[in-house]
Amino acid sequence: MALPVLFGANIDPVWREADGPLRLARQAERDGLDLVTIQDHPYQAAFHDMWTLMSFLAAGTERITFVPTVANLPLRPPAMLAKAAASFDVLSRGRLRLGLGAGAFWEAIEAMGGPRRGKREAVDALAEAIEVIRALWSDQRSARAGGAHYRVAGIHPGPTPSGDLGIWLGAYGPRMLALTGGKADGWIPSLSYLGPDRLAEAVARIDDAALAAGRDPALIRKVYNLNGLIAPASRGPFHGPAEQWRAQIHELVEGHGMNGFVYWPEQDHERQLALFAREVVPALRQP
């Protein structure tokens, strides 16, 4: 059975906008969107801390689900990520999906005290982190997991999260895509890094890895971050009128098996997110 298609809004964690993030989260919820995503770049002086902001927004909303895009693993040890995510999940009654990334912007990460990793090392560390997080979310009396980069030994898991809390990876390279299919619950690529012309190959790698691991590819959440603009005239993919957006999203669902879409407006965020929720999404939800 295919997963239902989800729709969401990205909200920039800019602290100088005062009540802007909460206003946009409440608007997204009122307009019937499913997800709010928040970037995790703690070295950005203009940004709130992602976990603190998400907790604040969850307290000010009732239904909408939150997703880090993506939690910065080199700066957030996986055992602590697991604890924070499980606590958020329990306190919000299941309104979290843990977006997780291997790391990028290494100079900034290193400047903030984190490690600098090469591509292979970063993927290896992410694979270990997934094992650690799963162990900390388990009902084991004593958890042991990890390897060279991350390890827990004899820790008592808790709190126990809901069954809806999963791990969604921001993945692009072949090994990351295979890791997504083999061990993750979801995938959250961005249009700006992976265009529609490359989706088919990436999805195939994920699905093949899932099958090799004995998993059903149809049960992996595949969420596409769409940066663009809803505008009267078309200027290319995801830059044009609402009917163009609807047709392009429909093609991504039918042609590539994508089952989630989050809008990242290039400008005029409040109005653009309202247009997405009110003029693009409703027609796509119809059976």
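The second largest pocket in this predicted model has a volume of about 260 Å³. Of the 13 residues lining this second largest pocket, Arg97, Asp164, Trp168, Asp185 and Arg221 are the closest to its centre. Because the model is predicted, local features need pLDDT of at least 70 and side-chain atom pairs count only at pLDDT 80 or more, while totals for chains, interfaces and linings use all residues. Residues are numbered from 1 along each chain as its sequence is written, and side-chain values use heavy atoms, with hydrogens and water left out.

**Pockets**

- A pocket here is an open set of points on a 1 Å grid over the protein atoms alone, where a 1.4 Å probe fits, with protein on both sides within 12 Å along at least five of seven lines; lining residues have an atom within 4 Å of a point.
- Grid points are joined across faces, edges and corners, and a volume is the space filled by probe spheres set on the points.
- By class, the second largest pocket is lined by six nonpolar, three polar and four charged residues.
- For those classes, Ala, Val, Leu, Ile, Met, Phe, Trp, Tyr, Cys and Pro are nonpolar, Asp, Glu, Lys and Arg are charged, and the others, Gly among them, are polar.
- The largest pocket has a volume of about 1,000 Å³.
- At least two lining residues of the largest pocket come from each of strand E4 (71-72), helix H5 (119-136), helix H6 (174-183) and strand E10 (221-230).
- Helices (H or I, at least four residues) and strands (E, at least two) are DSSP runs, numbered from the N terminus.
- H5 gives the largest share of the lining of the largest pocket, with four residues.
- Sorted by class, the lining of the largest pocket has 16 nonpolar, 14 polar and five charged residues.

**Helix pairs**

- Two packed helices are described by the angle between their axes and the distance between the axes.
- Axes are lines fitted to C-alpha atoms, for helices over the stretch in contact, and angles run from 0 to 180 degrees between N-to-C directions.
- Helix H8 (residues 242-256) and helix H9 (residues 269-285) have axes that come within 9 Å and cross at roughly 40°.
- H8 and H9 are therefore oblique to each other (under 35 degrees counts as roughly parallel, over 145 as roughly antiparallel, 65 to 115 as roughly perpendicular and the rest as oblique).
- On the H8 side, Ala242, Trp245, Arg246, Ile249 and His250 make the contact, and on the H9 side Phe276, Glu279, Val280, Ala283 and Leu284 do (contact means heavy atoms within 4.5 Å).
- Seven nonpolar, one polar and two charged residues make up the contact of H8 with H9.
- Helix H1 (residues 20-30) packs with helix H2 (residues 50-59) at an angle of about 50°, their axes 10 Å apart.
- That makes H1 oblique to H2, and their crossing is right-handed.
- Pro21, Leu22 and Ala25 of H1 meet Leu53, Phe56 and Leu57 of H2, a contact with six nonpolar, no polar and no charged residues.
- H6, also part of the lining of the largest pocket, packs with helix H7 (residues 196-212) at about 45°, with the axes 7 Å apart.
- H6 is therefore oblique to H7, and the crossing of H6 and H7 is right-handed.

- Most residues other than glycine have a negative phi, and most peptide bonds are trans.
- Arg93, in the loop between helix H3 (78-91) and strand E5 (98-101), has a positive phi, near 60°.
- The peptide bond from Thr69 to Val70 is cis, with omega near -15°, and Val70 sits in the loop between strand E3 (65-68) and E4.
- Gly158 and Pro159 are joined by a cis peptide bond with omega about 0°; Pro159 is in the loop between strand E7 (151-155) and strand E8 (167-169).

Technical notes. A crossing is left-handed if the near helix is turned anticlockwise from the far one by less than a right angle, and right-handed if clockwise.
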